[in-house]
Amino acid sequence: MKNYLIVYIPVFLFVNPFQALYAQSHPVNTPISRVTGVQNDTLSLQATPEKKQESYFETGVSYQSNDVYFGRKDSSALPYIIPVLSYYHKSGIYISASINYLSSADASRVDLVTVEGGYIFHTGNYDGQVNISKFIYNSQSTNVSSEIQASAGYQNGYDFGVIKSFLNLSLDFGPQIDYSASFGLEHEFSIWHDKGEFTPGICANAGTQNFYNNYYKNNRYSNNRKGKSTGNAGETIVGSVVNPSNFKMLDYEASIPFTYNIQKLAIHFTPTYAIPVNPSLIDVNTKQSNGNSSTKTVTEHLTNSFYMSVGLSFKFG
């Protein structure tokens, strides 16, 4: 599967250029944005906002088996329970708030609070979304994106009928600014008299890695992760990514978002497979309690990730 994706994803993207990602195909009227560090039951791109006819509220909850951001992840799995409440105005303006509650064998806490606002539009076969998000991470969070404080994004897609292409652009604001682009292809299929729909999609994500550099500096080698010692007592280890401001390909992703609608209730399930590429060089500085220090440069070890999200949403108002 790995070889298949690596060979064919770039080919598909070249033959039918651009157009989006936290996306794939979203449930009806769900925004196509991707919350930083969170796979809101969509892959990270591609959604087709429905033409607005009336204003409404939507609430839901989902379970995400692990948090993977552009193919990067913490050394420990971060399973999240994510309740969300959103309001969509018929004009296309929306606002949404969500909580990522970490529930693992090592820790239970609110790891992230996200507030997002934006505008969704649709004209002909073209749809898009602009959004601004604010992220409030727990100070103990070991999420690889935990140093990102806010983001601004533009997602857009064009449906050619046989295939839909998409392009998402994002600016992430933290100690330094990161910029990223996600692009790929998808196609929606309807089943069970249009009550069910699934949208196989592939995408490629590229960007800078200042967020990852801050993760290595502040979290990766912390002596007190999740309340447990890492065995580094008496020494301080700090890592830093070499040239984190370089823009490069970060990962390829494939997902099959599935939604089943029962009147105003929707059931969502999204399996995702991520293949990270271009491992970073990491400068690791170790300082002993006696004052001695040493520095070595290592190449990070990347592994493919399979994770999934499952949840429910209900529209009212």
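Helix H2 is largely enclosed by the rest of the structure, because eight of its eleven residues are buried. Those buried residues are Asn210, Phe211, Tyr212, Asn213, Asn214, Tyr215, Tyr216 and Asn219. The model is a predicted one.

## The chain as a whole

The protein chain has 317 residues, and 48% of them count as buried. Its secondary structure comes to two helices and 20 strands. The accessible surface is about 14,200 Å². Carbon and sulfur atoms account for 59% of that surface.

In soluble globular proteins, nonpolar side chains tend to be buried together. Here the largest nonpolar core holds 16 residues. Which of them touch the most other members? They are Tyr69, Phe211, Tyr212 and Tyr216. Four elements each supply at least two residues of this core: strand S5, helix H2 (210-220), strand S14 (235-241) and strand S18 (281-288). H2 gives the largest share, four residues.

Tyr212 also has contacts beyond its sequence neighbours. Leaving aside residues within four places in sequence, Tyr212 is in contact with Arg72, Val144, Val241, Ser280 and Glu300.

Gln209 sits in the loop between strand S11 (201-207) and H2. Is Gln209 buried or exposed? Gln209 counts as buried, because its relative accessibility is 2%, and the cut-off for buried is under 20%. Gln209 and Asn243 are 34 residues apart in sequence. In space, their C-alpha atoms are 8.4 Å apart.

S3 and S4 pair in the antiparallel sense over eleven bridges. The two strands form a hairpin with four residues between them. Within this pairing, Tyr101 stands opposite Val110 in S4.

S4 (residues 108-123) also pairs with strand S5 (residues 126-137). That pairing is antiparallel too, over twelve bridges. Gly117 stands opposite Ile132 in S5. The hairpin of S4 and S5 has two residues between the strands. In that hairpin, Gly124 takes a positive phi near 60°.

## Salt bridges

Side chains of opposite charge can pair when their charged atoms come close. The count for this model comes to four salt bridges. Three of them are listed here, including two that involve Lys164.

| Salt bridge | Closest N and O atoms |
|---|---|
| Arg109 and Asp111 | 2.8 Å apart |
| Lys164 and Asp127 | 3.1 Å apart |
| Lys164 and Glu186 | 3.9 Å apart |

Arg109 and Asp111 are both buried.

Now take Lys164. Its salt bridge with Asp127 has its closest N and O atoms 3.1 Å apart. Lys164 lies in strand S7 (residues 164-173) and Asp127 in strand S5, so this pair ties together parts that are 37 residues apart in sequence. Both Lys164 and Asp127 are buried.

Lys164 also forms a salt bridge with Glu186. Glu186 lies in strand S8 (residues 177-186) and Lys164 in S7, so this second pair ties together parts that are 22 residues apart in sequence. Glu186 is buried, and so is Lys164.

## A nonpolar patch on the surface

Val61, Tyr63, Ile81, Ile99, Tyr101, Val110, Phe269, Phe306, Met308 and Val310 form a nonpolar patch on the surface. Together these residues have about 810 Å² of accessible area.

Which strands each supply at least two residues of the patch? Strand S1 (56-64), strand S3 (93-103) and strand S20 (305-316) do. The largest share, three residues, comes from S20.

Val110 is partly exposed, because its relative accessible area is 38%, between the cut-offs of 20% and 50%.

How values were computed:
Residues numbered from 1 in each chain as written. Predicted model: local features only at pLDDT ≥ 70, side-chain atom pairs only at ≥ 80, totals over all residues. Heavy atoms only, no water. Patch = residues over 30% accessible without salt bridge, like charges linked within 9 Å, V, L, I, M, F, W, Y side chains within 5 Å. Areas by Shrake-Rupley, 256 points an atom, 1.4 Å probe, with all protein chains shown as cover. Salt bridge = Lys/Arg side-chain N within 4 Å of Asp/Glu carboxyl O. Buried < 20%, exposed > 50% of the residue type's maximum accessible area, 1.4 Å probe, protein only. Pairing = 2+ DSSP bridges. Core = buried A, V, L, I, M, F, W, Y, C linked by side-chain atoms within 4.5 Å. Contact = heavy atoms within 4.5 Å.
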